[in-house]
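Please walk me through this structure.

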Amino acid sequence: MKALPAYVVLLCLVLMAPIVIVVILAFSGGSYLQFPPRSLSLQWFVRFLGDPQWRASLWVSTIIATVACALATTVGFFAAYAFVRGDFPGKKLMLSALLLPIIVPTVITSIAMYFLSARLGLVGNLVWIGVCHAIIALPVVLLILLSTLHGVDANLERAALSLGASRARMFVKVVVPLAAPGLVSAALFAFLASFDELIISLFLSGVRAQTLPVRIWNSLHLEIEPTIAAVSAFLIGVTAFILLLDAAVRGRRGKGRIQ
Amino acid sequence: MTRPQTTLLLLPALLMLVLVFAAPLGWFFVQTLLRDPDAGPLWPQIVSVVTSRAVLQAIVTTNWISLLVTATVLVLGYPVAYYLANRSGVRFTLVIFCIVVPYFTSIIVRTYSWMVLLGTDGLINDALVWMGIIQTPLKLLYNQFAIVIGMTYVLLPYMVLTLYAAMKSIDTNLLRAARGMGASGPMTFFRIYLPLSLHGVISGALIVFILSIGFFITPALMGGPSDVMIAMLIERSVEITLDWSSAAVMSLLLLAVTLVLYAIYYRLTDIRRLMGA
Amino acid sequence: MTQPPLPTGKGALELQDLVKNYGAEPVVNHVSASIRPGEFFSLLGPSGSGKTTTLMMIAGFVSPDSGAIRMDGADLTRVPAERRGLGMVFQNYAIFPHLNVFENVAFPLRARRVAETEIRARVKDALGLVQLDRYATRYARQLSGGQQQRVAIARAIVYHPPVVLMDEPLGALDKNLRYDMQMELKDIQQRLGMTVVYVTHDQEEAMNLSDRIAIMNHGRIEQAGEPGTIYETPANAFVARFLGEANLIPGTIETTQSDEALLVTPAGLRLRAPTGDARPGQPASLFIRPEKLSLTATTGNVLAGTVRRRSFLGNIIRLSVEVAADTNLTVDLANTGVEPPAPGATTTVAWPVGDGVYLTQ
């Protein structure tokens, strides 16, 4: 049975190829993108970061993702705790409802959000876009923290209470430290979910708040500028960085267990 | 341990779901379909939108592409999931890395990558011409083929991860028992392994199909003028023709189908497993 | 926020008619007990007997559907766990993995806002008591199971709670270590004079440690009393069997005198035992422990039989002797080096009349 490993290797190459190629393209030296590049340079990155509009988009994306990350992680942490430790009817239904935002086609959600935002004058409002992104990031946060909190022995919480800690103290001194790796993970992926989100941003951005994905979209629709390769490579870099950071956090926790 | 107060911690999330998600949806449908003075009664509106040629065509295209993508993803994903479920160590890490990195990369970036590969002067055509296999570039982009490639690329990780979870829960002793009783490799696979992984197949296919029918970015960028999926039609009604009531009717339809499929998914899948219970 | 109480009481605990249902299933079914200050009190029973739920109600993690819990006269029933001021040791130790040994033991003191210098002194004392002085900066993952157990005990006693609850605290330790820890636990309990409520399913452990044992089954206390008393005079067949190997010979009480009653079995055996609450005409079982039976005695109840099986169990040799159709008696002989009869051999089985007990339930 050598066919299976061969197939898996081939598929992995196909999966990674587009991403790797875009990253290589972004370092092209010539006056247009070419693969394989004849020479390497940082010119497209220089153009990306030198352009005030691209810089503004980077700033907008970062602010929105920070708002979404903070909100989704906090709210999601409380909700995950309620799911894991709470005792109430309809748990499964409630969780399914909270997962709906990633199930319902984002086009529909975005149009509805736009419809309301336009009436309320919130189109282009960075904080509001962050709040809207948070609803998409919330399911991600929930799924990560549900499994994290399930790994926290309920007896540790009981022990803290039996030793006289108040509920709040138990939460801060025991639950939060033990869930810390999961919290970091959840925050990272919530940030990424918002940073990469396109459709909601497309509808809510207006002219003032164009995120990086929105600018890429516009460029792909009108005229493909070579800078897109550099912006894409940058977004891939952010993803890679977040995955590495997450692996490092998990790795540290894993090591702690083995010792 | 459990106290009523613990349940209260759910409130912020529910509040956010209602205010930022449910309320805008509800308000949107009520305003465009019921309150709009020009719109008239609801049922005729729905009938006229659903029976229009463009919408019917989009429904057919959406279903066709979604089925094609679901089947492709399943066929491509099953062997990889099987491989992952039976490996550990470096090989597992490497393969899961190749699945997860695209999974967490922005959809717009992934779509752009395939456009670079499939374009008329894209890498694949360049390579084929250079190797002398073809003389003139093939039209690989802006058609259904490109949409299926792009969507398969985006949705494959969902299928692989769902199947992997299902396969991982199969007790390998059952396979050993079957082999011990004299079953051949293929018999063990078809009589034991496949049936036991079937709920993963169904869950994975459902989730991929649900996500497919609402797809927007990839078909909008990689499809041709005639390859219009329903989500694109909704977006165009709002952005180009400013026909809010058509957009609302199509959204309602798509939402209803999505929710029905999600309800089936909900019945078939033990969502509590997500909680690790 | 007010702080949890520092200990003042003596540790008398009163469980009054506690009931807990999960759905329609009664998990704890009218449990009452009076636990005296300084007493080592065990809840012993098979899994699912309601012993852990009872302990969790005392701790405040499960609220009873009805009934009351009082400590030194004060009603604790509706007091939240963190304000009951009890100590608790958990089954898997529940050592906080992100805190070192010192901080684990200091945790209850910090919750009570005890001054730093006093914390240091008290933690040192507590760690000394469990012989862990040199491990203060270690983390749980760097300790053996036995050491983690000591940390859990130190943490539960450092603020001198009048009552300490223990949920199978030695269950995860291997057999030899478990016996040593039992001795140590008993020693600490007696030195500090604290009340301990101890949950276990291991009858030897319960008998070794306890002043009194409550045997639980199906959510009820079947019998409570000193280990020797319930071992020798169980109230019913469940208690008799749960505490060790038991012979139960069913029959009907034929006659009673002031101190002795006569039992006749279906196979026609006529046996005598102290009357107890047996009444003539009543169905009853005669209970006798295997180690009370003798193959050499000739007084009391004497039966002829055939050895059917012989098992070597180390310190004892266990025989199964058929004394009538369908009636086999288990006989435990001390392993004194004398060769016991082999299967097939005929023998007599005898025991003093006073050692039997009639179970009429």
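The model is predicted. Begin with chains A and B. On the chain B side, 60 residues are in contact with 67 residues of chain A. Which elements of chain B give two or more residues to this side? They are α1 (4–8), α2 (11–35), α4 (53–85), α5 (89–103), α6 (107–118), α11 (217–222), α12 (230–239) and α13 (244–268). Among these, α2(B) gives the most, with 11 residues. What is the make-up of the side of chain B that touches chain A? Its residues divide into 46 nonpolar, 11 polar and 3 charged.

Now move to chain C and its backbone. Most residues other than glycine have a negative phi. Two residues in chain C are worth a look against that background.

Take C:Tyr93. This residue is not a glycine, yet its phi is positive, at about 75 degrees. Find C:Tyr93 in the loop between β6 (87–89) and α2 (101–111) of chain C. Is C:Tyr93 buried or exposed? C:Tyr93 has 24 other C-beta atoms within 10 Å, so it is buried. The cut-off for buried is 20 or more.

Next comes C:His218. Its phi is positive too, at about 50 degrees, and C:His218 is not a glycine either. Look for C:His218 in the loop between β9 (212–217) and β10 (220–225) of chain C. Here 15 other C-beta atoms lie within 10 Å, so C:His218 is partly exposed. That count falls between the cut-offs of 12 or fewer for exposed and 20 or more for buried.

Notes
Residues are numbered from 1 along each chain as its sequence is written. Chains are lettered from A and ligands numbered from 1 in the order in which they are written. This is a predicted model: local features need pLDDT of at least 70, side-chain atom pairs count only at pLDDT 80 or more; totals for chains, interfaces and linings use all residues. Helices (H or I, at least four residues) and strands (E, at least two) are DSSP runs, numbered from the N terminus. Two residues are in contact if their C-beta atoms, placed from the backbone, lie within 7 Å. Ala, Val, Leu, Ile, Met, Phe, Trp, Tyr, Cys and Pro count as nonpolar, Asp, Glu, Lys and Arg as charged, and the others, Gly among them, as polar.
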